[in-house]
Amino acid sequence: MRLSGYIIEKYTNMSGAYTCNRLVKEAVLKGVDLRIVGVHDTEIDQTCDRQYVDERIISQGKELPRCDFVINRYKWGRVKDRINSLASRSYNSLDAFTIYINKYEQLKRLSSDAFLIPKFILG
């Protein structure tokens, strides 16, 4: 069975992106089906009557099937999370980035006796 994966990028057509195209080229040489999927070229089909976990992810007019892995190169928005949910394994983990952009998660990790955190900030 052939491995399949997605590189999550800003756009599907990353013609000037050396790294993405090189990864795809090397994958083909190894017999891996690797595709670049752009979050700005992808939509979540919310017209279906299914739950969140079963929503269809449409890229370039076709539904994205499940895959073995994703490589995260774009980190903003909900679409990249949904593409990640299609994969068995995710490379370039989003955990640290999610904490970095989420003030609540940062404060939650700082909660200890060693840090004094004000309850309110008056501007």
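So, Phe69 stands opposite Arg89 in strand 7. Strand here means a DSSP run of E with at least two residues, and a helix is a run of H or I with at least four, both numbered from the N terminus. Strand 6 and strand 7 run parallel, joined by 4 bridges. For two strands to count as paired, DSSP has to find at least two bridges between them.

Before I go on: this is a predicted model, with local features needing pLDDT of at least 70 and side-chain atom pairs counting only at pLDDT 80 or more, while totals for chains, interfaces and linings use all residues. Residues are numbered from 1 along each chain as its sequence is written, and side-chain values use heavy atoms, with hydrogens and water left out.

What about the antiparallel part? Strand 3 (42-45) and strand 4 (56-59) run antiparallel with 4 bridges, and Glu43 sits opposite Ile58. Strand 4 also pairs with strand 5, antiparallel again, over 2 bridges. Those two make a hairpin with 2 residues between them, and Gln60 in the turn has a positive phi of about 55 degrees.

Now the inside. The largest nonpolar core has 14 residues, and Tyr6, Ile8, Val39, Leu64, Val70 and Ile83 touch the most other members. A core is a set of buried Ala, Val, Leu, Ile, Met, Phe, Trp, Tyr and Cys residues joined through side-chain atoms within 4.5 Å. Buried is under 20% relative accessible area, exposed is over 50%, and partly exposed is in between, using a 1.4 Å probe and protein chains only. Another core, of 10 residues, lies apart from that one, and includes Met14 and Cys20.

Last stop, Pro65, in the loop between strand 5 (62-63) and strand 6 (67-72). Is Pro65 buried or partly exposed? Partly exposed, because its relative accessible area is 44%. Beyond its neighbours within four places in sequence, Pro65 contacts Tyr6, Arg35 and Leu86, contact being heavy atoms within 4.5 Å.
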